[in-house]
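Please load the model in your viewer and keep the selection tool at hand. We will go from stop to stop, picking out residues and looking at what surrounds them.

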Amino acid sequence: MASKIALAESFVDDVNMFRACEQCGCCSSACPLTGVDGFNIRRILRHVELGLTDEIANSPSPWFCTTCGRCEGVCPNGIEILDIIRPLRSLSPLELVPEDSPCVLACPARIDIPGYLRLIAEGRTDEAYALIREKVPFPGILGRVCTHPCEDACRRRDVFNQPIEICALKRYVADKAGEVLGQVSKVEEDTGHRVAIVGAGPAGLTAAFYLRKKGHQVTVFDALPEPGGMIRFCIPDYRIPKDILRAEIKEIEDIGVEIRTNTKVDSIERMFEEGYNSVFIAIGAHQGLKIGVDGEDSPRVKEGVNFLRDVSLSKKVEVGCKVAVIGGGNAAIDSARTALRLGAEEVTIIYRRTRAEMLASHEEIEEALNEGVKIFYLAAPSRIVTQNGNVELECIRMELGAVDASGRRRPEPINGSEFSMIFDTIIAAIGQHPEIPGQFDLAIGKGNVIQVDPDNLATSRKGVFAGGDVISGPATVIEAIAAGRKAASSIDKFLGGDGDISGCGIKGAAPQSYTGKREEGFADLKRVEMPTIPLSERHHGFSEVELGFNDDQAKNEANRCLQCDLELSLAEETRRGRWKKESYH
């Protein structure tokens, strides 16, 4: 105990600093986290003063601190409070100390987020782009449609309930970066191995990119007329302009990946007969689910994925004036907003749960509501009747019961609560599942997904791997990319390689001397909101809604980062006994 007390006291200029605390409460009043899971600055200072360091060090309390600096700014005695809290982290048991920044741990692809934010803040966008491309081949796409779990984990949210705009900053870098592709797309010496990839969606193209960099010959096959999978054919132009997608796919082709479109693969065996040494199945989940009610076979009822694909292919699609969309995911939101752009005057989403359970991203729901889409919660279709050129949608009201396998409360019908509405078109967007050719002869699980070893994505057939929506059901773009990375590593190992696809080792910017000090007002810096086109311009076409940051906006937003990775480094260096009070590096 005594040694730990002495260690803690050594981090301040004078032990009297502890005694200078008057327990006035200014720091705790200013702290955005006081009272959260037992975190209280006054209590921590008091425990250190009394030598009860173990009690604090062996609890998660110091880790709740975001080091925003608000406490130091209000202390009447000028106590450097963060200098007391930081070393306590180094005394905490290892199981309490995160191995990386929360945002990085939340990112399925483990992008070095704090690193590229620092590079943006310094105006080094080309290097930021190269750092992102170490982990993902589609920064421009992800910067537009990623569900950004990193932002949900961002500690800045704790300071002012406003996480860093990580996704928007990724887009800024992709739109701004110059000719840096050569830094991140170097191809190793030819291995003589050939890999066939079935499916040109984000999982397949990601695997192709990293396998090609490892020196393997890669051919991607896709049944659709253009590569991109669900990104190309089911995400509307107002979210991802097609020129952005095509440019990023071209960069994959430019390093030697061959993409064959309009080519459906029905036999894995034929791939091996043609000389391929390994096969990666990444065909996605393109088959829409049926609602399961009488009358859904009406020509006035459209399946969501097919509807979005037809619009993407510039086919003539008529929806009439009043449109209903069934579902609560991003496909339902995209269908509703697309219907408005096709001339619908009134679009209503019917969802069987509440908004809290909707799988669509918060931002997309908000934009749909802003554009005039209505959402009818706690209702589910029970019958569809076509009459006089219209469709009558009979629904039943729902209530939420116990939590089901999805982790959400199960919707249960309320007897006698049926009601009807009249529409010109109904779009069913309740989900998709993979459509797997029987000739693949692979083990299939519930939901018609391919069964794989989760550690390496190997299927029941030797040399055959699978990943993305075809093994998980509909998921996110970033999850598909993460699956493509894992598959590339596993396939490289299968072919005799080391499986290391980490890239050329580009590192994020790290200051020579990180003091951990915060400038005045740092804690209260507000989130820079993404500029968008006016609502009045949205219903007349598919122009991209979000306009992106300019240089000043991007730098200001990047400078809001709490730099959790450097704070972790401080604790690690303390743990190793190399702490220097004057430099913190």
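Start with the second largest pocket, which holds about 780 Å³ of space. A pocket here is an open set of points on a 1 Å grid over the protein atoms alone where a 1.4 Å probe fits, with protein on both sides within 12 Å along at least five of seven lines; lining residues have an atom within 4 Å of a point. Grid points are joined across faces, edges and corners, and the volume is the space filled by probe spheres set on the points. Select His148, Glu165, Glu363, Arg527 and Glu546: of the 31 lining residues, these lie nearest the centre of the second largest pocket.

Before going on, a word on what you are viewing: this is a predicted model, in which local features need pLDDT of at least 70 and side-chain atom pairs count only at pLDDT 80 or more, while totals for chains, interfaces and linings use all residues. Residues are numbered from 1 along each chain as its sequence is written, and side-chain values use heavy atoms, with hydrogens and water left out.

Which helix gives the largest share of the lining of the second largest pocket? Colour H23, and you have it, with 5 residues. Helix H12 (139–145), helix H13 (149–153) and helix H15 (166–176), like H23, each supply at least two lining residues. Helices (H or I, at least four residues) and strands (E, at least two) are DSSP runs, numbered from the N terminus.

**Helix H22**

Next, select residues 330–341, helix H22. Its 12 residues reach 16 Å from the first C-alpha to the last, close to the 16 Å expected at 1.5 Å a residue; the expected span is 1.5 Å times one less than the number of residues. Is H22 enclosed or open? 10 of its 12 residues are buried, so H22 is largely enclosed by the rest of the structure. Buried means under 20% relative accessible area, exposed over 50%, and partly exposed in between (1.4 Å probe, protein chains only).

Show the neighbours of those buried residues: they pack against helix H18 (230–234), helix H21 (304–312), strand S7 (322–326), strand S8 (346–350), helix H23 (362–370) and strand S13 (425–428). Contact means heavy atoms within 4.5 Å. Now pick Arg341, one of the buried residues of H22. Arg341 lies over the face of Tyr238, at 4.1 Å from the ring centre. A charge sits over a ring if NZ of Lys or CZ of Arg is within 6 Å of the ring centre and within 35 degrees of the ring normal. After H22 comes Gly343, with a positive phi near 110°.

**Helix H17**

Move to residues 202–213, helix H17. Its end C-alpha atoms are 17 Å apart, which agrees with the 16 Å that 12 residues should span at 1.5 Å a residue. With 12 of the 12 residues buried, H17 is largely enclosed by the rest of the structure. Among them are Phe209, Tyr210 and Arg212. Just after H17, Gly215 takes a positive phi of about 95°.

**Aromatic pairs**

Rings of Phe, Tyr and Trp (its six-membered ring) pair if their centres lie within 6.5 Å; planes under 30 degrees apart count as stacked, over 60 as edge-to-face and the rest as tilted. The count comes to 5 aromatic pairs. Zoom in on Phe221 and Tyr276: with ring centres 6.0 Å apart and planes at 85°, this pair is edge-to-face. Phe221 lies in strand S2 (217–221) and Tyr276 in the loop between helix H20 (268–273) and strand S4 (278–281), so the pair ties together parts that are 55 residues apart in sequence. Both Phe221 and Tyr276 are buried.

Then select Phe465 and Phe494, whose rings have their centres 5.9 Å apart and their planes at 70°, so this pair is edge-to-face. Phe465 lies in strand S17 (464–466) and Phe494 in helix H25 (477–494), so parts 29 residues apart in sequence are tied together. Phe465 is buried at 5% relative accessible area, whereas Phe494 is partly exposed at 35%.

Most residues other than glycine have a negative phi. Leu457 lies in the loop between strand S16 (449–450) and S17, and at 5% relative accessibility it counts as buried.

Gln563 also has a positive phi, near 55°. Look for Gln563 in the loop between helix H26 (551–558) and helix H27 (564–575); it is buried, with a relative accessible area of 17%.

Finish at Ser298, in the loop between strand S5 (287–288) and strand S6 (301–303). Ser298 is buried, at 8% relative accessible area. Leaving aside neighbours within four places in sequence, Ser298 is in contact with Thr386 and Val391.
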